[in-house]
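I opened this model to look up a few local features. My notes follow.

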Amino acid sequence: AKIVWAICFAAAFITSSAELFKQSDPDTTNGGNPSASRRLLVTENVVLFDNFSQSSIDSTKWIHATSGTGGKSNLFNMYTPEPANSYIKDHMLYIKPTPTEDHFGKGFLENGTLDIKQLYGSCRFGLASGGMGCHMTAETGITPIMSAQLFSKASIRYGRVEVVAKMPKGDWLWPAIWLMSTENHYGQWPRSGEIDITEIRGNTNLHQKYGQHRSLGIDYTHSANHFYNNGSQDNVAFYWDPNGDFGDGFHTYWLDWTQDYMKIGVDSHTVANWPTPPNGYMGQGHAGGKR
């Protein structure tokens, strides 16, 4: 069966100062395309704004991950810049998974060789070179799904991030909006930190195995701040959509980050409010450990 679900972004913007950014309160929960331009009332220090009004993805603002694997989360997809996996249509950015054999031909998983550098000129996860899964064969395993992961070229330390998006429904889908360090000061990802504005599973029928058996699917969002301070540590928060699910329409996912706190939310709801530790998240040194 063809995979047809895609995550749909209506707008994305990042400011380098939370105090200089304000927002109006439009309805972004309907199924239509919200007007991103009317949401940005104060534009000082905006380092990225994209309402996807152009015909193709703006390479001055975004860079594609190119990797033969989906990273360290046991994903069974590769990341590509293929137009079938990320494209702009009707002023919206779509990220869409497709079967690998639709692109390379039947039997490629059993007999093919995947050389990411040869195909796309680089092998990288995020902004750093030397990505994972640069050369894969049928013997080592070729991932059966192609998808896309886009990183902004703009970066901030403190500020506000907002993304207006409609999430996909369907099994095996794991859309996410997150930030990663531009420098591997404490080691390779994720040891130098990761901020998850949202991670959502597309399942319409996925629940906790124990306890209250609450939903873990499309009506549930997970936010986190992962850091390594003498081992793996996490701030984690959860939220369930009380009015439906995150695939029914567009929602605004946001981060407010200052020297004193980190707040993460969706629409008008604050999902997480974490004060910064006195010595910072990495203030006590760092070590290995698994996430």
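I started with C134. I note first that the model is predicted. C134 has a relative accessible area of 21%, which makes this cysteine partly exposed. The cut-off for buried is under 20%.

I then asked which residue C134 is bonded to through sulfur. The partner is C123, with an S to S distance of 2.1 Å. My search of the whole structure found one disulfide. I placed both ends next.

I checked the handedness. The S-S torsion of C123 and C134 comes out at about -95 degrees, so I logged the disulfide as left-handed.

Is C123 buried or exposed? I find C123 buried, because its relative accessibility is 3%. C134, at 21%, is partly exposed.

I moved on to S86. This serine belongs to strand β5, which covers residues 86-89. Its relative accessible area is 5%, so I count S86 as buried.

What does the side chain of S86 pair with in a polar contact? I found H64, with a polar contact of 2.8 Å between the two side chains. I also listed the residues that S86 touches, leaving out those up to four places away in sequence. The list reads I57, H64, Y94, A148 and L150.

Technical notes: Residues numbered from 1 in each chain as written. Predicted model: local features only at pLDDT ≥ 70, side-chain atom pairs only at ≥ 80, totals over all residues. Heavy atoms only, no water. Disulfide = S-S within 2.5 Å. Buried < 20%, exposed > 50% of the residue type's maximum accessible area, 1.4 Å probe, protein only. Helix = DSSP H or I, 4+ residues; strand = E, 2+ residues; numbered from the N terminus. Polar contact = N/O pair within 3.5 Å; in protein donor to acceptor, adjacent residues only side chain to side chain. Contact = heavy atoms within 4.5 Å.
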